[in-house]
Amino acid sequence: MQHEAHAHHHEPETHHPATHAHHQPAATWTMAAQATLHCLTGCAIGEVLGMVIGTAFGWGNLPTTLLAIVLAFFFGYSLTLRGVLKAGLGLRAAVRVALAADTLSIAVMELIDNGVIVLWPDAMDAELGDLLFWGSLAISLVIAFVVTTPVNKWMIGRGKGHAVVHQYH
């Protein structure tokens, strides 16, 4: 009986040595928060840049929001691409890793972030010089971080999301 249990325990490691070792230890709240912070960084850069550009050019809410979302995905993916390309992965494989690692996380973050801004009274009409513009944006990103962290923990625990990236660090 002991031999059989030992063989069963050892078998997955021989088939998936790089990924098996990273699945369980990575599914911590700390790892999820780090993954979400990584996502938040890219999203915040894109969000702020998109809103600043759209607001500075006097665009309406819809084109400004769409630009901010596109840029959030762009910068979110770019941060992951930079890391996995440095690890020696080819561009095509690096793009696949970035898409697998970040798509759900960025999507949830953008949904929550933009949802808070849309629902916040007068936030959509705030100008760059208004405290409401920066305050509502900062608070919406904090709320998005809090909501996205459990999503990332769930994904990492299943070997998805940022768990895919960790084998390249």
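Tutor: Let's start with T65, which sits in helix α4; helices here are DSSP runs of H or I with at least four residues, strands are E runs of at least two, and both are numbered from the N terminus. Before going further, please keep in mind that this is a predicted model, in which local features need pLDDT of at least 70 and side-chain atom pairs count only at pLDDT 80 or more, while totals for chains, interfaces and linings use all residues. Residues are numbered from 1 along each chain as its sequence is written, and side-chain values use heavy atoms, with hydrogens and water left out.

T65 counts as buried because its relative accessibility is 14%. The classes are buried under 20% relative accessible area, exposed over 50% and partly exposed in between, with a 1.4 Å probe and protein chains only. Setting aside neighbours within four places in sequence, T65 is in contact with N114 and M124, where contact means heavy atoms within 4.5 Å.

The structure has four aromatic pairs, and F73 with Y77 is a tilted one, with 5.9 Å from centre to centre and 50° between the planes. Rings of Phe, Tyr and Trp (its six-membered ring) pair when their centres lie within 6.5 Å; planes under 30 degrees apart are stacked, over 60 edge-to-face, and the rest tilted. F73 and Y77 are about one helical turn apart, because four residues separate them in helix α4, which spans residues 61-86. With 23% relative accessibility, F73 is partly exposed, whereas Y77, at 17%, is buried. F133 and W134 form an edge-to-face pair, because their ring centres are 4.7 Å apart and their planes lie at 75°. F133 is buried, at 5% relative accessible area, while W134 is partly exposed, at 38%.

Another tryptophan is worth a stop. W120 lies in the loop between α5 and α6 (131-157) and is partly exposed, at 27%. Beyond four places in sequence, W120 touches L132, S136 and I139.

H162 gives us a buried histidine, at 5% relative accessibility, placed in helix α7 (residues 162-166). Its side chain makes a polar contact of 2.9 Å with the side chain of D102. A polar contact is a pair of N or O atoms within 3.5 Å; within protein, one must be able to donate a hydrogen and the other to accept it, and residues adjacent in sequence count only if both atoms are side-chain atoms. Not counting residues up to four places away, H162 also has A35, H38, T80, A101 and I156 among the residues it touches.

Now the exterior. L91, in helix α5, is exposed at 57% relative accessibility. Together with L85, V95 and L99, L91 makes a nonpolar surface patch of about 330 Å², to which helix α5 (residues 91-119) gives the most, with three residues.

Finally, the whole chain: the protein has seven helices and zero strands. Of its 169 residues, 36% count as buried. Among contacts with a separation of 6 or more, 72% come from residues 24 or more positions apart.

Terms used
Patches are made of residues with over 30% relative accessible area and no salt bridge: like charges are joined within 9 Å, nonpolar side chains (Val, Leu, Ile, Met, Phe, Trp, Tyr) within 5 Å. Accessible areas come from the Shrake-Rupley method with a 1.4 Å probe; for residues, only the protein chains shown count as cover. A salt bridge is a side-chain nitrogen of Lys or Arg within 4 Å of a carboxyl oxygen of Asp or Glu.
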